[in-house]
Amino acid sequence: KNKAFKAGEWNEIRILCEGDSIKTWVNDVAVADITDSLTASGFIGLQVHSVPGDPKWSVRWKNIRIKELPSNSKALYNGKDLSNFKTTGNWIPQKEGILELIPRKGETGWNRFSSYLWAEKQYGDFSCEFEYLHQKGGNSGFYFRVADVAKPVKTGIEIQILDSHGKRGKLTHHDCGGVIMTGPPAKNMAKPAQQWNKMTIKCVGSHLQVWLNGEKIQDMHLDKTGLKDRPAKGFLGFQDHGVPFQLRNINIEEL
């Protein structure tokens, strides 16, 4: 659609980005319509591609406007109480919308399943994003499509959350972002302990994608793995591993 561009004149460019759909128009002529799920969010900028002193490479911009589109995502944690969850664990709402797991004396290990933070509602196809922070040696996990919360390992799917920053060598399914018993993350994007990380999990049908701190680390079809027998809809929640853990900005969208 090169004819849409007017050399030496002002051109109007419009870009629409919704989820993994990207569409562009030049002077009201549609020129691109692609699907790109590389990242769920990121920076916006204008490229500097000029040659100093050469006027033919100069570029000018005007009337730059941006509009954020309304999101269908909902806050799973309201920042005040556990009204959308059920748990016997010691998950305590704190200031600034932080939800903190403070293990009680004698609480250790990962198999205290009722202490996990389970959402009341079950989800099928969804996109969930949240921020988390752990201490040195931190360990947790995000579970979804769990048929029985008393048996989440056998009846659900887990994305590992672990203090994996700085690990050298081959990554495994037990490293941060790994799908437990299934596959390792594509790269190690875990931040150091005591820093906030952002994770996004999107699952539509059998297609699972995971982003950690802006980088895609998982892209797999569950029906081609050992998890193909997991239900298409189930409970989701966060693991209580008996170590301190913090969450904030937990949002979910049903797809």
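D28 sits out in the open: this residue is exposed, with a relative accessible area of 60% (exposed means over 50%, buried under 20%, and partly exposed in between, using a 1.4 Å probe and protein chains only). The model is a predicted one, in which local features need pLDDT of at least 70 and side-chain atom pairs count only at pLDDT 80 or more, while totals for chains, interfaces and linings use all residues. Residues are numbered from 1 along each chain as its sequence is written, and side-chain values use heavy atoms, with hydrogens and water left out.

D28 also has a positive phi, near 70 degrees, in a residue other than glycine. Most residues other than glycine have a negative phi. D28 belongs to the loop between β2 (21–26) and β3 (29–35); strands here are DSSP runs of E with at least two residues, numbered from the N terminus. N213 is another non-glycine residue with a positive phi, of about 55 degrees, and is found in the loop between β13 and β14.

Strand β12 (residues 197–204) pairs with β13 in the antiparallel sense over six bridges, where pairing requires at least two bridges found by DSSP. K202 has Q209 of β13 as its bridge partner. Two residues separate β12 from β13 in their hairpin, and G205 in the turn has a positive phi of about 60 degrees. On to the next pair: β13 and strand β14 (residues 215–221) run antiparallel and are joined by six bridges, with L208 bridged to M220 in β14. This hairpin, too, has two residues between its strands, and N213 lies in the turn. Strand β13 itself (residues 207–212) is mostly covered, as five of its six residues are buried.

In soluble globular proteins, nonpolar side chains tend to be buried together.

F142 touches F126, C128, F130, I157, I201 and F238, among others, leaving aside residues up to four places away in sequence; a contact means heavy atoms within 4.5 Å. I159 is also on that list, and is the bridge partner of F142 in β11. β10 and β11 pair in the antiparallel sense over six bridges. They belong to an open sheet of five strands, ordered β5-β8-β15-β10-β11, with antiparallel pairing. β5 (85–86) and β11 stand at the edges with a single partner strand each, so one side of each has no neighbour in the sheet.

β10 (139–146) and β11 (157–162) also each supply at least two residues to the lining of the second largest pocket, with β10 giving the largest share, three residues. A pocket is an open set of points on a 1 Å grid over the protein atoms alone, where a 1.4 Å probe fits, with protein on both sides within 12 Å along at least five of seven lines; lining residues have an atom within 4 Å of a point. About 190 Å³ of space lies in this pocket, counted as the space filled by probe spheres set on grid points joined across faces, edges and corners. Its lining includes W110, Y143, H174 and H241.

Definitions and conventions
Helix = DSSP H or I, 4+ residues; strand = E, 2+ residues; numbered from the N terminus.
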